Amino acid sequence: MSIINFIIENILTQASITIALIALLGLVLQKKSFGQIISGTFKTLLGFQVLSAGSSIIVGSLIYFGKIFTQGFGMQGIIPSIEAINGQAMNELGLGSQIAFTFLAIFIVNIVIARFTKWKYIFLTGQAILWMSTMCTAFGYFAGFRGLTLIIVGGVIGGIFAVAMPAIAQPFVRKITGSNDIALGHFCTIGYLFEAWVAKLVGDPSKSVEDVKLPKSFEFLQDTYLSVMVVMVPLYLVTAFFAGPEFGAQFSGNANYLVHAFLQAIQFVVGVYVLLSGVRLILAEIVPAFRGIAMKLVPDAIPALDCPVLFAYSPNAVIVGFITTTIGTVIAMFALPSFGLAMILPGMLTNFFAGGTAGIFGNVAGGKRGAIIGGIAHGIFITLLPALLITILNSLGFVNATATDVDTVAAALLYAWIITPLMGLF
Amino acid sequence: MFSFLTKKKGKKDNESEIKEPVINEEQKNELYKQIKELEENLLISSAEDRIKSLNTLGDIFFQLQETDQAIQYYEKSIEENRTLGKAYTNLVKLYNIKRKEAAWAKDDEKLQHYLNKMDMLLKMTKDEIRGL
């Protein structure tokens, strides 16, 4: 008994070890060689430590940003970054082990649903499942769940989302791809459907955006980190300017306050870079193992793939979706504070990937006009939803960030608005 | 939110897999004749025509359900010209067919191979749309 207690209290509470053990399990189930098992397990352990280091860098930068923003504009300015939320939850809030187990539980529930019901979707985007397990764990914790219950409830809710989201998107995916072979596995689906709904109301699907000639590419987006930097640097500089040199000086030491702000913006980008490297290291070992198992258990599965799977069907719509969603997020940024909500700054990566995919939905439902108007509405929608989480995120101890992927936000709101009050009844 | 659980029960099954048209012997022979011509043209055609021919060869082999050959031509097409189009969209479908075959055969190595190919294709799509 004391050995079991030791394991539970000292090993399974250490997120890095838990995650490494999950990878070990996956590698053993795949019947990998001893050498591969050892190297895979340790790479995962390393991945978690890299993720934690990235998170600390992000938090340092966000604390600074939060202070200068409040000083400069007299309100809370929130950066939408699911990476920052994941890093803080796993590291600073100490929910790493629970998140890792919930991740595993979501995968299992997904397989069970796909195996025994007619909804054959297997969600293959590992990163998105990690974000979902983060939100289910953090908000499950807020609802009062602990231990095994926290993991099981998170696994069931996340697992249902992993099947339900591809399922509700499938009528549109079928229209876009002309077949039922593949599905969309990206937790921004509610936003896509919202755009499609708006586009249907205002547009005409026969006038496709693909008939228009658009610029081929956006060079500043060529590098993920560069594109984050393009937004963060001016954001930090303008905020520091409004906060003033005196206020800025208390953080900048001997350096000029604007130079310090510039370097803090770069620090944020570095943090995202390091954190995502850690996530990749972790997922590179865990995901192949479990998706291999899933596919063997459900051979007739419809794989739900990451959003670029639709890009080749409608490249123009991706560009239109990105631009219009960005316009929508900027409108929402200025509009939400007048409704008493926090100011949510635009997240360019979400705008590109979620906005781009939403553009395809808008185009298929309402053509050119639908994609443009629907895209702006989508931008407002994906800013409004995360804004609703701020109070709870603050009370949980998250620093100046909110989630981005709207399905994970919807899961969080399900906990906050339905499950938490229900828990209060018992 | 979970209305999808009940919604589809009574619905007509108009959403089941889109059925491939059945090809008769005569059509098959015609397609093989086309293949021969296109393959000969590949050696002499200009770069632009070559991509068109590679994609058409991919399409024909896909129609004939000769997945490996179709994959080979589409992959070659993307290798030579990365513009997003049918080669990408059909390749995902073809990889998925191979993935399914491997899953039924419980061939783990092949399964991972095609899942990884899907990953690679998605990454290429991402890079291409961002102009990399």
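**Entry 1. Sheet around E1 of chain A**

I began with E1(A), which pairs in the parallel sense with strand E5 (residues 343–344) of chain A over two bridges. I took two strands as paired if DSSP finds at least two bridges between them. Helices (H or I, at least four residues) and strands (E, at least two) are DSSP runs, numbered from the N terminus. I worked on a predicted model, in which local features need pLDDT of at least 70, side-chain atom pairs count only at pLDDT 80 or more, and totals for chains, interfaces and linings use all residues. Residues are numbered from 1 along each chain as its sequence is written, while chains are lettered from A and ligands numbered from 1 in the order in which they are written.

I found Gly77(A) opposite Met343(A) of E5(A). I then followed E1(A) to strand E6 (residues 401–402) of chain A, to which two bridges join it in parallel. There, Ala401(A) is the bridge partner of Ile79(A). The three strands make an open, parallel sheet in the order E5-E1-E6. E5 and E6 of chain A are its edge strands, each pairing on one side only.

I next looked up burial along strand E1 (residues 77–80) of chain A and found both faces covered. Gly77(A) and Ile79(A) are buried on one side, Ile78(A) and Pro80(A) on the other. I counted a residue as buried if 20 or more other C-beta atoms lie within 10 Å of its own, exposed if 12 or fewer, and partly exposed in between, with C-beta atoms placed from the backbone.

**Entry 2. The sheet with E2, E4 and E3**

I noted another open sheet in chain A, with three strands in the order E2-E4-E3 and parallel pairing. Its edge strands are E2 (121–123) and E3 (183–184) of chain A, each of which pairs on one side only. Three bridges join E2(A) in parallel to strand E4 (residues 302–305) of chain A. Within E4(A), I found Ala304(A) opposite Phe123(A).

**Entry 3. Nonpolar core**

I looked up the largest nonpolar core, which has 181 residues, and found that Ile122(A) and Met132(A) touch the most other members. Helix H14 (residues 348–387) of chain A supplies the largest share of this core, 20 residues. Such a core is a set of buried Ala, Val, Leu, Ile, Met, Phe, Trp, Tyr and Cys residues joined through C-beta atoms within 7 Å.

I listed the contacts of Met132(A), leaving aside its neighbours within four places in sequence: Ile106(A), Gly158(A), Phe161(A), Phe187(A), Thr408(A) and Ala411(A). A contact means that the C-beta atoms of two residues, placed from the backbone, lie within 7 Å.

I checked H7 (residues 147–177) of chain A, whose 31 residues should span 45 Å at 1.5 Å a residue; the end C-alpha atoms are 42 Å apart, which agrees. The expected span is 1.5 Å times one less than the number of residues in the helix. H7(A) bends by about 50° at Gln170(A), and the proline Pro171(A) follows within four residues. The bend at a residue is the angle between axes fitted to the seven residues ending there and the seven starting there. After H7(A) comes Gly178(A), with a positive phi near 75°.

H11(A) has a kink of about 35°, centred on Leu283(A).

**Entry 4. Chain B**

I counted six helices and zero strands in chain B. Buried residues make up 26% of its 132 residues. Among contacts in chain B between residues at least 6 apart in sequence, 43% join residues at least 24 apart.

Over residues 51–84 of chain B I found 79% helix and 0% strand, with the end C-alpha atoms 12 Å apart.

I then looked up positive phi values in chain B. Gln65(B), not a glycine, has phi near 60° and lies in the loop between H3 (47–63) and H4 (67–80) of chain B. Gln65(B) counts as exposed because it has 11 C-beta neighbours inside 10 Å. Lys106(B), also not a glycine, has a positive phi of about 55°. Its place is in the loop between H5 (86–104) and H6 (108–129) of chain B. Lys106(B) is exposed, with 11 other C-beta atoms within 10 Å.
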